[in-house]
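Dear colleague,

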Amino acid sequence: MEPKKILIITYYWPPAGGPGVQRWLKFVKYLPDFGVQPVVYIPENPTYPIVDKNLVKEVSDKAIILKQKIFEPYQLASFLSKNKTKKISSGIIPNQKKQSFLDKTFLWIRGNLFIPDARVFWVKPSVAYLEKYIAENNIDTIITSGPPHSLHLIGLELKQKLDLKWFADFRDPWTTIGYHKSLRLSSFAAKKHKALEHQVLNTADTIIVTSKTTKTEFQAITNKPIAVITNGYDTEQVEKQTLDTKFTLAHIGSFLSERNPHVLWESLVELIHEIPDFKTHLEIKLIGAVSQEVLETISQFGLNSFLNNLGYVSHAEAIAHQRKSQVLLLIEINSEDTKSIIPGKLFEYMVSGRPIIAIGPKDSDFAEIITETNTGVFFDYSEKMKLKSVILDFYNQFLEGKLQANGVGLQLYSRKNLTKELSQLIQ
């Protein structure tokens, strides 16, 4: 029996690095095991803010890869300021009070002239190319993955032109994502985003989301079926790691300005003053893009001497750091809008064997997962005394050589198991 062909339209694909690439890279890896032939459509010349060439080796040799050129305004904007363009492209937006005129200009242009995002110029040529390809290759099912949400507009036009089934996959929400309010939107642009979101959610045959809160949010906009398929972890071939000799608190991934956890820095400063030996063991390890505001705050709290800022590393190196760090930090923006965000790295954290300290808004979706799997402790931003107590408890376990996490029910979040769920949904 011939496998069913599914066309997957995505922007982030190796050699792109960062969390955006992992979801569909892993789905594509396992879909052939469930009788699905993935056909992946990607840009030929994308502007990726993060590159990880090692991920190219993970692309399934059973996948058919289609590429078409894309025009992105980031390519022109980088002539003015390559650094600012790269940061805004990757979601690192300066604190509003510290934005320069150039920052404000870039954000206004990004939010008001390119709706829904700077990849919107790829929509028309992609529809023209894919309409022909779909007809010639007998494809009846497509999946679009966003952000960037322009890719859902490709799905929207193809759905309107052809008799096919369309699944719109939202790795993150659209108009309620944290950075959306930072784009200096005019009332016209804000309404346009809302209108496009409504049209996509009510035209796609099925919506796929990564959290229960996003499902609830979208149910207020559409009556279409909504499936929750979270991100997950994959089996990683990692050599056994020797644990750090320092009491390392490691944050792996983008550390955005709005994620700046003053409650954590205050707790660490107090423990340094209260526990005589704490300062001889403490190390704050940051891996990935870190906003200037976070670095300035660490300095203001007098924690620079404990900081080890490693910058971006390959995915393989990040996994190794997850396995050898003493404690893993997971920080989310303290906002109602971010309760639905389940960071992709959570699932890799969960299988690392290292305890997680997670800080986010009260009633966050990822708090429930951490509690159910016994992989760490969640705190909202008001729980400083509880946070200090847990850090001290972890520190004492570290001194005794007994610090570890004992997760339960993790198999539910394996990439292969999640792909099985997806295959049952789309076939």
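Two strands are taken to pair if DSSP finds at least two bridges between them. Please note that the model is a predicted one.

By that criterion, strand β9 (residues 282-287) pairs with β10: 4 bridges join the two, and they run parallel. Within this pairing, Leu-286 has Asn-309 of β10 as its bridge partner.

These two strands belong to an open sheet of 6 strands, whose order is β10-β9-β8-β11-β12-β13 and whose pairing is parallel. Which strands stand at the edges? They are β10 (307-311) and β13 (376-379); each has a single partner strand, so one side of each is left without a neighbour in the sheet. From one strand to the next, the twist averages 20 degrees.

Further along the sheet, strand β11 (residues 327-331) is joined to β12 by 4 bridges, and the two run parallel. Here Ile-331 has Ile-359 of β12 as its bridge partner. Between these strands the chain passes through helix α13 (residues 345-350), and this β-α-β crossover from β11 to β12 is right-handed.

Ile-359 stands opposite Phe-379 in β13. The chain goes from β12 to β13 by way of helix α14 (residues 365-373), and this β-α-β crossover is likewise right-handed.

The side chains of β12 also deserve a remark. In a regular strand, side chains alternate between the two faces of the sheet. In strand β12 (residues 356-359), Ile-356 and Ala-358 point one way, while Ile-357 and Ile-359 point the other way, and all are buried.

Which residues of α16 are buried? They are Arg-415, Leu-418, Thr-419, Leu-422, Ser-423 and Ile-426. Seen down the helix axis, the buried residues of α16 fall within an arc of 145 degrees, so they line one face of the helix. Their packing partners are the strands β1 (4-9), β2 (36-43), β4 (141-146), β5 (165-170) and β6 (206-209), together with helix α1 (22-30).

With kind regards

Key. Residues are numbered from 1 along each chain as its sequence is written. This is a predicted model: local features need pLDDT of at least 70, side-chain atom pairs count only at pLDDT 80 or more; totals for chains, interfaces and linings use all residues. Side-chain values use heavy atoms; hydrogens and water are left out. Buried means under 20% relative accessible area, exposed over 50%, partly exposed in between (1.4 Å probe, protein chains only). The arc is that of the directions from the helix axis to the C-beta atoms. Contact means heavy atoms within 4.5 Å. Axes are lines fitted to C-alpha atoms, for helices over the stretch in contact, and angles run from 0 to 180 degrees between N-to-C directions. A crossover is right-handed if, with the strands pointing away from the viewer, the path from the first strand over the helix to the second runs clockwise.
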